[in-house]
Amino acid sequence: MTDTRTAVVEREFSHPPEKLWRALTQPHLIEEWLMKNDFAPKIGHRFQLKGEWGGVLDCEVLTLEPGRVLAYRWDFEHEDPAYGLKSIVTLTLTPTESGTHLRMEQAGFRPDQKQAYGGAHAGWKTFFDKLDGLLAGEG
């Protein structure tokens with residue numbers, strides 16, 4: 001078995017978990033902060049995320065605990081194994097006094113995927129910036 005690494009990005013949002021959950025599970029909102037998609041909040045639903053960079057991620061909803069946990073496969077086919085990725089993204093929401101703590105774990109980076117692992121850290125921070133802006137704009 002190959003050892004894999006997990007990218008973790010956490011952020012505190014000044015919004016209630018219900019508002020964050022909507023942004024994580026409604027396709028038109030997901031598109032605003034993450035990517036174009038055909039997501040549906042249903043275990044076993046297969047969907048795609050389409051990046052502005054032209055890439056397509058094949059995904060499947062694995063865990064759905066409304067208002068608390070969302071997990072899905074996040075796979076990217078690429079001819080170069082260093083960029084091909086089979087991973088699982090888990091988003092966990094925890095209520096706080098001032099809003100919600102959101103923890104993202106993306107598990108499955110192989111040792112030869114240092115660039116993809118680093119890219120995930122940077123990418124998720126950017127996605128969370130966009131998510132925060134979206135939530136602030138929703139009022």
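User: Before we start, what counts as buried or exposed here?

Analyst: Buried is under 20% relative accessible area, exposed is over 50%, and partly exposed is in between (1.4 Å probe, protein chains only). This is a predicted model, where local features need pLDDT of at least 70, side-chain atom pairs count only at pLDDT 80 or more, and totals for chains, interfaces and linings use all residues. Residues are numbered from 1 along each chain as its sequence is written, and side-chain values use heavy atoms, without hydrogens and water.

User: OK, why is F39 called buried?

Analyst: Its relative accessible area is 6%, and the cut-off is under 20%, so F39 is buried. F47, at 3%, counts as buried too.

User: What makes F39 and F47 an edge-to-face pair?

Analyst: Rings of Phe, Tyr and Trp (its six-membered ring) pair if their centres lie within 6.5 Å; planes under 30 degrees apart are stacked, over 60 edge-to-face, the rest tilted. F39 and F47 have centres 5.0 Å apart and planes at 85°, so the pair is edge-to-face. F109 and Y117 are edge-to-face as well, at 5.6 Å and 80°, and both are buried.

User: How many aromatic pairs does that rule give?

Analyst: The count is 10. One aromatic cluster includes F39, F47, W33 and W74.

User: And why is K19 called buried, and what does its side chain reach?

Analyst: K19 has 8% relative accessibility, so K19 counts as buried. The K19 side chain reaches the backbone oxygen of L135 at 3.0 Å.

Terms used: A polar contact is a pair of N or O atoms within 3.5 Å; within protein, one must be able to donate a hydrogen and the other to accept it, and residues adjacent in sequence count only if both atoms are side-chain atoms.
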